[in-house]
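Work through the exercises below with the sequence and the structure at hand. Each task is followed by a solution in steps.

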Amino acid sequence: VGIGKIRLETHLREALANDGLDVRYQPLLHVPSGKIAGYEALVRWTHPVRGPISPMEFVALAEETSLIVPIGEYVFDTACKAVSRFIAAGADPKPFIAVNVSARQMGHPGLIERIVARVDAAGLPRGSLKVEITESQALDYAQVAAIIELCHSHGIKVALDDFGTGYSHLTHMHKLAFDTM
């Protein structure tokens, strides 16, 4: 591990501790109605010296260092606040926010229960957050099927993200009960 990487990790920890990460919301359009159905949460980081850091770089660093778990928690917290603001502003239909979940997060015990607790504490409908799993993670059928089943039992939808960019294909996807691709 180079000194640059260690410094970057320290700066990422500081950004997380001091609300230095920015969560942006990309609208997801419901094509038949022409209305925004929901949003995808995108976490961004602007380093105080280097400027914007590519998500590819800092998310990979977060995965390596286990920072992805607290970063994911931060994104879920921020997404709950955003959904509350959208609903308070009269968004119709009530939107959801889709949040990517990494393999490390999926392996961390109690992930779905913590998501449900956040949604409930914010007084939001259970469908306010949607879990997104990337296609490369979907190859672990047993783990992903268990996550999907747990999400569905709590009224949370699950999306397959980045379909067609990696290893899977439609013949494999029939084994998993994703709500959307």
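**Exercise 1.** Find the strands that pair with β5 and state the sense of each pairing.

Step 1. Strand β4 (residues 96-101) runs parallel to β5, and 5 bridges join the two. Strands (E, at least two residues) and helices (H or I, at least four) are DSSP runs, numbered from the N terminus; two strands pair if DSSP finds at least two bridges between them. In this pairing, I97 lies opposite L129 of β5.

Step 2. Strand β6 (residues 157-161) also pairs with β5 in the parallel sense, over 5 bridges. Here K130 faces K157 of β6.

Step 3. Of the 6 residues of β5 (residues 129-134), 5 are buried, where buried means under 20% relative accessible area, exposed over 50%, and partly exposed in between (1.4 Å probe, protein chains only).

The model is predicted: local features need pLDDT of at least 70, side-chain atom pairs count only at pLDDT 80 or more, and totals for chains, interfaces and linings use all residues. Residues are numbered from 1 along each chain as its sequence is written, and side-chain values use heavy atoms, with hydrogens and water left out.

**Exercise 2.** Determine how the buried residues of α5 are arranged, and what they pack against.

Step 1. List the buried residues of α5 (residues 111-121): L111, I112, I115, V116, R118 and V119.

Step 2. Look down the axis: these residues fall within an arc of 160 degrees, so they line one face of α5. The arc is that of the directions from the helix axis to the C-beta atoms.

Step 3. Identify the partners: α3 (68-88), β4, α4 (103-106), β5 and α6 (141-153). Contact means heavy atoms within 4.5 Å.

Step 4. Go past the end of the helix: G123 follows α5 and has a positive phi, near 70 degrees.

**Exercise 3.** Check the span of α6 and sort its residues into buried and exposed.

Step 1. With 13 residues at 1.5 Å a residue, α6 should span 18 Å, and its end C-alpha atoms are 18 Å apart, which agrees. The expected span is 1.5 Å times one less than the number of residues.

Step 2. V144, I147, I148 and C151 of α6 are buried. They cover an arc of only 100 degrees around the axis, which puts them on the same side of α6.

Step 3. A142, E149 and S153 are exposed on the other side of α6.

Step 4. The cover over the buried residues of α6 includes α4, α5, β5 and β6.
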